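Welcome, and please take a moment to look over the chain shown here.

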Amino acid sequence: MPIEETVGAMAELVKEGKVRYLGLCEVSERSLRRACAVHPITAVQAEYSLWTRDVEAGMLDAYEELGVTLMAFSPLARGMLTGQLRRLDQLGEGDVRRRYPRSSPENFPRNGALVDRLGAIAEGAGL
């Protein structure tokens, strides 16, 4: 479905007074620009944390240029940066996080070590 059609349908809801603002989730810069050409987009929801900083590669500039607010999700890297996840078996069999490369049996222990290093840095800074 072209983004223009989707945003066009949502814009009709704004015109009818049923919706005040439009937002998108996990959209590329190209799609965001195409969407904004149809109707102003107020916010984009995107994953953003110390581990997932993809939005810094051009998207933050596009958000600023287009007047779009970033609504970050998973700022604690889907729970990993809390320091509470110590073993892969803490994630249930159906847990969506098991699908991500950072949670593979090879990567999970490496990422746990990175969290430990980050914790030591934070502790050294009194945080």
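**How confident is the prediction?**

Keep in mind from the start that this is a predicted model. The mean pLDDT of the chain is 95, and 100% of its residues reach 70 or more. Among the elements, the highest mean pLDDT, 98, belongs to helix α2 (residues 29–38), while the lowest, 95, belongs to helix α4 (residues 107–124).

**An enclosed space**

How many cavities of 30 Å³ or more does the structure hold? There is one. The volume of this largest cavity is about 70 Å³. To find the cavity in the model, look for the residues that line it: Trp-51, Ala-77, Arg-78, Met-80, Leu-85, Arg-97, Tyr-100, Arg-102, Ser-103, Phe-108 and Asn-111. Sorted by class, this lining has six nonpolar, three charged and two polar residues.

Two of the lining residues, Ala-77 and Arg-102, come up again below. Ala-77 sits in the loop between β3 and α4. With a relative accessibility of 2%, Ala-77 counts as buried. The backbone of Ala-77 also deserves a look: its phi is near 55°, a positive value in a residue other than glycine. The loop between β3 (69–73) and α4 also holds Ser-74. Ser-74 is not a glycine either, yet it has a positive phi of about 60°.

**Why no disulfide?**

The structure holds zero disulfides. Cys-25 itself counts as partly exposed because its relative accessibility is 44%.

Thr-52 is found in the loop between β2 (43–47) and α3 (59–66). Is Thr-52 buried or exposed? Its relative accessibility is 8%, so Thr-52 counts as buried. The side chain of Thr-52 makes polar contacts with the side chains of Glu-47 and Arg-102. Arg-102 is also one of the residues lining the largest cavity.

| Side-chain polar contact | Distance |
|---|---|
| Thr-52 with Glu-47 | 3.4 Å |
| Thr-52 with Arg-102 | 2.7 Å |

Finally, here are two residues with a partner elsewhere along the chain. Val-115 lies in helix α4, and with a relative accessible area of 8% it is buried. The C-alpha atoms of Val-115 and Gln-84 are separated by 10.0 Å, and these residues are 31 apart along the chain.

Arg-33 has its place in helix α2. Is Arg-33 buried or partly exposed? It is partly exposed, with a relative accessible area of 31%. Between the C-alpha atoms of Arg-33 and Arg-110, which are 77 residues apart along the chain, the separation is 38 Å.

Terms used:
Residues numbered from 1 in each chain as written. Predicted model: local features only at pLDDT ≥ 70, side-chain atom pairs only at ≥ 80, totals over all residues. Heavy atoms only, no water. 1 Å grid on protein atoms, 1.4 Å probe; cavity = no way out; pocket = protein on both sides within 12 Å on 5 of 7 lines; lining within 4 Å. Points joined across faces, edges and corners; volume = space filled by probe spheres on them. Nonpolar A, V, L, I, M, F, W, Y, C, P; charged D, E, K, R; others polar. Disulfide = S-S within 2.5 Å. Buried < 20%, exposed > 50% of the residue type's maximum accessible area, 1.4 Å probe, protein only. pLDDT = per-residue confidence, 0-100. Helix = DSSP H or I, 4+ residues; strand = E, 2+ residues; numbered from the N terminus. Polar contact = N/O pair within 3.5 Å; in protein donor to acceptor, adjacent residues only side chain to side chain.
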